[in-house]
Amino acid sequence: MLTFVSVLVVISSVALIAAVMMQESADGSMDALTGGSSESYFGKNTVKTKDAMLDKIVIIAAIVFMVSLIILAKF
């Protein structure tokens, strides 16, 4: 059980970091790192869909991360 929760913490933390890093910034300052605006590669509708999907991934990963840390602290 302890190993499973520890692995869950690692997976959720990596997913959380990756999802946050993949989100577009509000001011566009990360464009230099990502190679430009994603609107040049995707349409506006897919950008909104991508951002909405990343928002959901961040929320789910954060909840899993916090719950697994609480469970890990109990053991």
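Leucine 16 is in contact (heavy atoms within 4.5 Å) with Val58, Ala61 and Ala62, its neighbours within four places in sequence being left aside. The model that shows these contacts is a predicted one, in which local features need pLDDT of at least 70 and side-chain atom pairs count only at pLDDT 80 or more, whereas totals for chains, interfaces and linings use all residues. Residues are numbered from 1 along each chain as its sequence is written, and side-chain values use heavy atoms, with hydrogens and water left out.

Leu16 also belongs to the largest nonpolar core, together with Ala19, Leu54, Val58 and Ala61. Such a core is a set of buried Ala, Val, Leu, Ile, Met, Phe, Trp, Tyr and Cys residues joined through side-chain atoms within 4.5 Å. Helices H1 (2-22) and H3 are the elements that give two or more residues to this core, and H3 supplies its largest share, three residues.

The secondary structure of the protein chain comprises three helices and zero strands, in the order α-α-α along the sequence. Helices (H or I, at least four residues) and strands (E, at least two) are DSSP runs numbered from the N terminus. Of the contacts in the chain with a separation of 6 or more, 80% are between residues 24 or more positions apart.

The confidence of the prediction is expressed as pLDDT, the predictor's confidence in each residue, from 0 to 100. The chain averages a pLDDT of 80, and 69% of the residues score at least 70. Confidence is highest in H1, at a mean of 93, and lowest in helix H2 (residues 31-34), at 56.

Several residues of helix H3 were examined individually. Serine 68 lies in this helix and is buried, because its relative accessible area is 2%; buried means under 20% relative accessible area, exposed over 50%, and partly exposed in between (1.4 Å probe, protein chains only). Residues up to four places away in sequence not counted, serine 68 touches Val5, Leu8, Val9 and Ser12. Valine 64, also found in H3, has a relative accessibility of 30% and therefore counts as partly exposed. Its contacts, apart from neighbours within four places in sequence, are with Leu8 and Ser12. Valine 64 and leucine 16 are 48 residues apart in sequence, with a C-alpha to C-alpha distance of 9.7 Å. Lysine 50 is a further residue of H3 and is partly exposed, because its relative accessible area is 26%.

Buried residues make up 15% of the 75 residues in the chain. The accessible surface comes to about 5,600 Å², of which 73% belongs to carbon and sulfur atoms. Accessible areas come from the Shrake-Rupley method with a 1.4 Å probe, and for residues only the protein chains shown count as cover.

On this surface, Met1, Leu2, Ile59, Ile63, Met66, Val67, Ile71 and Phe75 form a nonpolar patch with about 830 Å² of accessible area together. Patches are made of residues with over 30% relative accessible area and no salt bridge, like charges being joined within 9 Å and nonpolar side chains (Val, Leu, Ile, Met, Phe, Trp, Tyr) within 5 Å. A salt bridge is a side-chain nitrogen of Lys or Arg within 4 Å of a carboxyl oxygen of Asp or Glu. Helix H3 (residues 44-74) contributes the largest share of the patch, five residues. Methionine 66, a patch member, lies in H3 and is partly exposed, because its relative accessible area is 49%.
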